[in-house]
Amino acid sequence: MDIQNIQGYGMFFLTIFLTVILYWYILYLYRSEKKGERDFEKYGRIALDDNIDSPLVEDKIASERDNTKEQNK
Amino acid sequence: MQSNAALEYDYTVAKLFTYVTILFGFLGMLVGTILALQLAFPELNYLIGEYGTFSRLRPIHTNTVIFGFTVSGVFATWYYFAQRVLKVSMAESRFLMIMGKVHFWVYFIGALIATITLVFGISAGKEYAQYEWWVDIVIVIIWIMWGVNIFGMIGIRREKALYVSIWYYLACFLGIAMLYLFNNMSIPTYFATEGLGSIHHSVSMYSGTNDALVQWWYGHNAVAFGFTVPIVGMIYYFLPKESGQAIYSYKLSLLSFWGLMFVYLWAGSHHLLWSTVPDWMQTMGSAFSIVLILPSWGSAINMLLTMKGEWNQLAENPLIKFMVIASTFYMLSTIEGPIQAIKSVNAIAHFTDWIPGHVHDGVLGWVVFMIMASLFHMTPRMFKREIYSKKLMGIQFWMQTTAVVLYFTSMWIAGITQGMMWRAVDEYGNLVYSFIDTVTVLHPYYVIRGVSGVLYTAGFILFAFNIYKTITAGRKLTEEPQFRTPMA
Amino acid sequence: MFFHWLEKNPFYFALMISVVISFAGLLEIVPNFAQAARPLSTEKPKTVLELAGKNLYVKDNCIACHSQMIRPFKSETDRYGKYSLSGEYAYDRPFLWGSKRTGPDLHRVGNYRTTDWHENHMRDPKAMVPGSIMPAYKHMFTNVADIESAYAEAVTVKNAFFTPYGPEFKRTRAAWEAHRPKVIADAKKIADDMKDEDVKKAVANGEVPEIVAMIAYLNSLK
Ligand code: HEM
């Protein structure tokens with residue numbers, strides 16, 4: 001098999017692979033929102049409520065605290 | 001990190017970068033206008049001896065507008081909005097603050113020196129990668145400093161979720177870093193021999209067709225990661241903030257992000273259609289360029305839909321007008337590019353003035369408009385003053401929009417005329433026109449483009465004046481405006 | 001969930017972006033590298049004088065208006081000659097294909113223009129071709145070409161990329177001093193076909209004005 005063939009196959013399968021991931025991602029985005037697991041649109045608020053004392057959408061410090069609690073359990 | 005009530009965002013570095021954005025914008029456009037006029041009136045080539053010819057000035061134009069204007073605009077907006085969406089102030093980290101200032105000064109001085117090297121013709125010869133090896137090293141250092149700030153700010157953030165604009169800026173950082181490094185690989189000849197010749201001179205690690213492939217993989221994606229990705233990031237922050245409307249579909253913005261990341265890199269070989277690169281790559285370049293319409297229009301439509309039900313703002317707020325027309329020009333150039341990438345169209349369009357026409361409806365209509373709108377939005381908040389004049393802004397808007405339209409229409413006609421004349425044959429199959437016929441016929445279009453350059457640059461001077469007056473004489477604001485930027 | 005985790009971890013997120021964007025380059029450019037770098041068997045590397053001319057082509061950035069890529073269309077082969085082949089470029093560093101033809105393609109200009117013609121044209125394009133918008137390059141008649149850097153370049157590409165330059169190309173200053181007369185001899189051949197007395201005089205004094213190197217380069221484009 002020469003280099004052109006390998007390139008061709010590599011190209012083909014990697015493109016399919018990445019396309020699958022992309023579609024999986026679309027499914028994931030819409031499904032997890034439908035099932036109520038996550039709400040993506042709320043992140044849009046980050047740009048609007050951006051004063052230093054605005055409410056956080058997801059609090060990093062608080063979530064790290066929770067994580068360590070879980071690990072200590 | 002303590003949260004005290006008096007904590008405020010710190011815009012010191014953002015302000016510095018704002019000033020140089022305007023400075024380099026003006027210089028770059030001035031040189032662009034000179035170039036345009038030189039093609040119409042060649043006598044203008046001899047204003048400053050050997051340093052003023054079209055060919056010497058052209059890289060100064062391209063590098064100043066790309067690495068001077070656009071990149072400092074990206075830095076200015078980064079140092080402004082990153083704090084806000086990560087909800088952490090630069091003032092909270094002395095290290096990042098100092099680093100930011102060093103970043104600015106190294107950048108500014110580096111950019112001046114880099115420009116001087118181009119004036120003297122110290123050039124590695126590849127488009128948008130003309131800087132010689134040691135300038136490249138300085139550029140890499142500057143870029144790393146920005147990276148330190150990006151990851152530093154992300155590291156100390158309070159808001160856990162990364163807003164989508166941050167994604168885009170991160171991609172800009174990574175993309176340009178990778179492309180720039182690989183494309184500029186070269187060996188300084190002075191050090192490869194016993195100190196023979198000039199210390200500046202270097203030779204590319206790639207040759208011929210390989211060099212071309214690497215170069216356009218770089219060149220095309222420098223456009224992608226410099227003119228598209230961060231500007232999309234910009235509009236995703238500034239349009240919602242200015243209009244008070246959240247992004248129409250946050251999910252769509254994430255999807256188009258990955259779409260752009262994946263597809264863009266393949267399209268580079270559309271610069272090399274009909275050349276000696278292997279056929280399958282040319283076909284890939286064509287095909288992926290057409291697929292690229294999807295993520296590009298995905299972003300653009302998302303921006304326009306953000307204004308759904310709020311179109312009255314378009315009439316009331318000139319800033320919204322700037323941003324909406326910018327997304328419209330983005331749509332225009334992302335449909336035009338794929339058309340030019342179709343092989344049969346490319347056979348006519350390549351090498352002609354249609355290409356600069358395409359470049360400039362993107363950069364003038366999309367990149368510059370978006371950066372100016374962002375700076376207009378930032379200035380009142382950074383300096384706590386109202387915009388000096390709404391009226392001036394309106395005049396500027398119409399001057400520059402007219403200029404863009406003049407630019408691309410004249411270059412479309414010029415390009416297609418030239419492309420057709422090159423290939424025109426008579427009934428016996430002989431070429432009809434000598435080359436010089438296809439040059440002189442373009443004169444009127446070159447004149448129109450010169451006029452458009454003067455108009456656009458004049459508009460930019462109005463912009464600079466307005467910002468200057470805002471900073472020095474705008475009415476003082478007592479509190480930061482929430483959404484709509486106040487203007488007199 | 002994978003995506004959720006990714007979005008929350010800036011480091012892996014950045015890694016993911018890098019993977020996605022390097023994918024195309026890896027597949028497109030790397031595998032073909034060795035093949036595309038192969039020269040045509042008839043292709044010879046440029047002489048030092050021609051290399052100096054190439055460096056002037058870069059310095060004065062003729063690429064802003066000229067291409068060196070003849071595409072395989074009849075209209076182009078009629079105008080410029082045989083279409084370009086990959087192997088012809090194998091020694092070109094950097095490649096100089098260009099992306100804009102404000103002026104004509106120059107890939108085979110050596111076939112149909114002469115030293116004499118170039119001399120007049122570079123000094124005043126309008127005099128040779130009425131209506132030309134090409135700038136005059138008068139400064140090339142007085143500036144001195146940097147042939148030493150060109151020699152250093154030849155040695156570098158010989159050592160680093162095995163470009164077939166002869167055994168006399170060495171890293172030392174002595175080797176350069178030994179090679180210099182050959183470059184001057186080449187320059188003299190060009191200058192003999194020129195009219196400009198100052199240029200002839202300079203070459204006789206062992207200096208190479210830029211225009212001589214430039215013309216040597218243009219003549220080598222065949
Ligand atoms: C007043 C505004 C401007 C004018 C009059 C202008 C004019 C020109 C001219 C005459 C050229 C050379 C075209 C040729 O070789 O035929 C050029 C090239 C270019 N300009 Fe501008 N320019 C302007 C602003 C800008 C801005 C703001 C940017 C980017 C942010 C930009 C990016 C470029 C690029 C990338 C090229 C190279 C195009 C190519 O290689 O095809 N220009 N410009």
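One idea to carry along: a polar contact is a pair of N or O atoms within 3.5 Å. Also keep in mind that this is a predicted model.

**Stop one: the ligand.** Select the ligand and the shell of 28 residues around it; B:Arg58, B:His61, B:Tyr128, B:His360 and C:Lys100 come nearest.

Now show the side chain of B:Glu127, where an N or O atom is 3.4 Å from an oxygen atom of the ligand. Next, pick B:Tyr128: an N or O atom of its side chain is 3.1 Å from a ligand oxygen. Then hop over to C:Lys100, whose side chain has an N or O atom 3.1 Å from an oxygen of the ligand.

**Stop three: the shell.** Which helices of chain B each supply at least two shell residues? Select H1 (12–40), H2 (54–86), H14 (354–383) and H17 (443–473) of chain B to see them. H14(B) gives the largest share, seven residues. Colour the shell by class and you'll get 15 nonpolar, eight polar and five charged residues.

**Stop four: a helix pair.** The crossing of H15(B) past H17(B) is left-handed. Their contact has 21 nonpolar, seven polar and one charged residues.

Definitions and conventions:
Residues numbered from 1 in each chain as written. Chains lettered and ligands numbered in written order. Predicted model: local features only at pLDDT ≥ 70, side-chain atom pairs only at ≥ 80, totals over all residues. Heavy atoms only, no water. Near = heavy atom within 4 Å. Polar contact = N/O pair within 3.5 Å; in protein donor to acceptor, adjacent residues only side chain to side chain. Helix = DSSP H or I, 4+ residues; strand = E, 2+ residues; numbered from the N terminus. Nonpolar A, V, L, I, M, F, W, Y, C, P; charged D, E, K, R; others polar. Left-handed = near helix turned anticlockwise from the far one by under 90°.
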